[in-house]
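Dear colleague,

Please find below the structure that I am handing over to you, followed by an account of what was found in it. I would be grateful if you would read the two side by side.

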Amino acid sequence: MTVRIQHEDFDVGREIAALRACNAQIGAVASFIGVVRDLNDGDRVEAMTLEHYPGMTEKAIEAIIAQASGRWQLYDALVIHRIGRLAPLDQIVLVVVASAHRGDAFAACEFIMDYLKTRAPFWKKEQTPDGARWVEARASDDHAAERWRTKG
Amino acid sequence: MATIKILYFAGLREATGTASELLALPASVKNIAGLRTLLRNRGGAWLEALAENRRVRAAVNQDMAGDAQPLQDGDEVAFFPPVTGG
């Protein structure tokens, strides 16, 4: 299980190849890539800056992966989250989950992402033509995380 | 006297003009709720940034913490807005 917070971009193909190397028990790999859009809440986004809480962010994501591992059968998981200045089209976050079967891989990948959105301390500041603004947390993200309490 | 470190992130850091501080806790401040009140009583930007309707989150020693969480000497406390990563 690996968590990396970094300024640099990541190579999805290379990360997935490394995660499943040498483990022939892995039958399913699910991945999610979050990307910067050029539009948010009706305004053009020229760039964004991502801030985090060094130490707590890594700890929070490790706890989320541990929870996923307790709930589904996982061989490995990787989360990479970028910080600093990002532009539209840039990759922000990568979640990769390896399991024996697709059901566990899909579910764990979505769970990790839903919990990361609501529990990992990151904050986005967007640059728009009208100036810079901090992104507001969305109720829909809370709901997405909440449904895992009841969902199998 | 207990001394704690307080960190402020994102909009809260900007609003208060403070990234971190060391604070000697008055004996009357026992928990996160008490600390919030103490900081609000600084008035001005502090009162506004930590207003109850701002949904400011707290962490103690890098774990999310509710208002009842007790504070001890050497604790690292953080205040920040709801998170928006991913």
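The side chains of Asp114(A) and Trp148(A) make a polar contact at 2.7 Å. Please bear in mind that this, like everything below, comes from a predicted model. Asp114(A) belongs to helix H3 of chain A. Its relative accessibility is 11%, and because buried means under 20%, Asp114(A) counts as buried. Apart from neighbours within four places in sequence, Asp114(A) is in contact with Ala144(A), Ala145(A), Arg147(A) and Trp148(A).

I turn next to the interface of the two chains. Chain A contributes 26 residues to the contact, and chain B contributes 21 residues. About 1,800 Å² is buried between chain A and chain B, with carbon and sulfur atoms giving 55% of that area. On the side of chain A, the residues that lose the most area to chain B are Tyr53(A), Met56(A) and Trp123(A), which together account for 35% of what that side buries.

One salt bridge pairs Lys125(A) with Glu14(B), where the closest N and O atoms are 2.6 Å apart. Several elements of chain A give two or more residues to the side that touches chain B: strand S5 (47–52), helix H2 (56–71), strand S8 (91–99), helix H3 (102–119) and strand S9 (122–128). Of these, H3(A) gives the most, with five residues. By type, the residues on the side of chain A that touches chain B are 14 nonpolar, four polar and eight charged.

Side chains of opposite charge can pair when their charged atoms come close. How many salt bridges does a search of the whole structure find over all chains? The search finds 16.

Within chain A, Arg138(A) forms a salt bridge with Asp41(A), the closest N and O atoms being 3.8 Å apart. This pair links distant parts of the chain, 97 residues apart: Arg138(A) is in the loop between strand S10 (131–134) and helix H4 (139–146), and Asp41(A) is in the loop between strand S3 (39–40) and strand S4 (43–44). Arg138(A) is partly exposed at 34% relative accessibility, whereas Asp41(A) is exposed at 60%. Another salt bridge of chain A joins Arg44(A) to Glu46(A), with the closest N and O atoms 3.3 Å apart. Glu46(A) is partly exposed, at 37% relative accessibility.

In chain B, Arg42(B) and Glu21(B) form a salt bridge, with 2.8 Å between the closest N and O atoms. Here too the pair links distant parts of the chain, 21 residues apart, with Arg42(B) in the loop between helix H2 (32–40) and helix H3 (44–49) and Glu21(B) in strand S2 (residues 20–24). Arg42(B) is partly exposed, with a relative accessible area of 35%, while Glu21(B) is buried at 16%. Salt bridges with shared partners also join Asp43(A), Glu126(A) and Arg133(A) into one network.

Finally, a word on the cysteines. The structure holds zero disulfides over all chains. Cys22(A) is exposed, its relative accessible area being 87%, whereas Cys109(A) is buried at 6% relative accessibility.

With kind regards

Terms used
Residues numbered from 1 in each chain as written. Chains lettered and ligands numbered in written order. Predicted model: local features only at pLDDT ≥ 70, side-chain atom pairs only at ≥ 80, totals over all residues. Heavy atoms only, no water. Contact = heavy atoms within 4.5 Å. Buried area = accessible area lost by both parts, 1.4 Å probe. Salt bridge = Lys/Arg side-chain N within 4 Å of Asp/Glu carboxyl O. Helix = DSSP H or I, 4+ residues; strand = E, 2+ residues; numbered from the N terminus. Nonpolar A, V, L, I, M, F, W, Y, C, P; charged D, E, K, R; others polar. Disulfide = S-S within 2.5 Å. Buried < 20%, exposed > 50% of the residue type's maximum accessible area, 1.4 Å probe, protein only. Polar contact = N/O pair within 3.5 Å; in protein donor to acceptor, adjacent residues only side chain to side chain.
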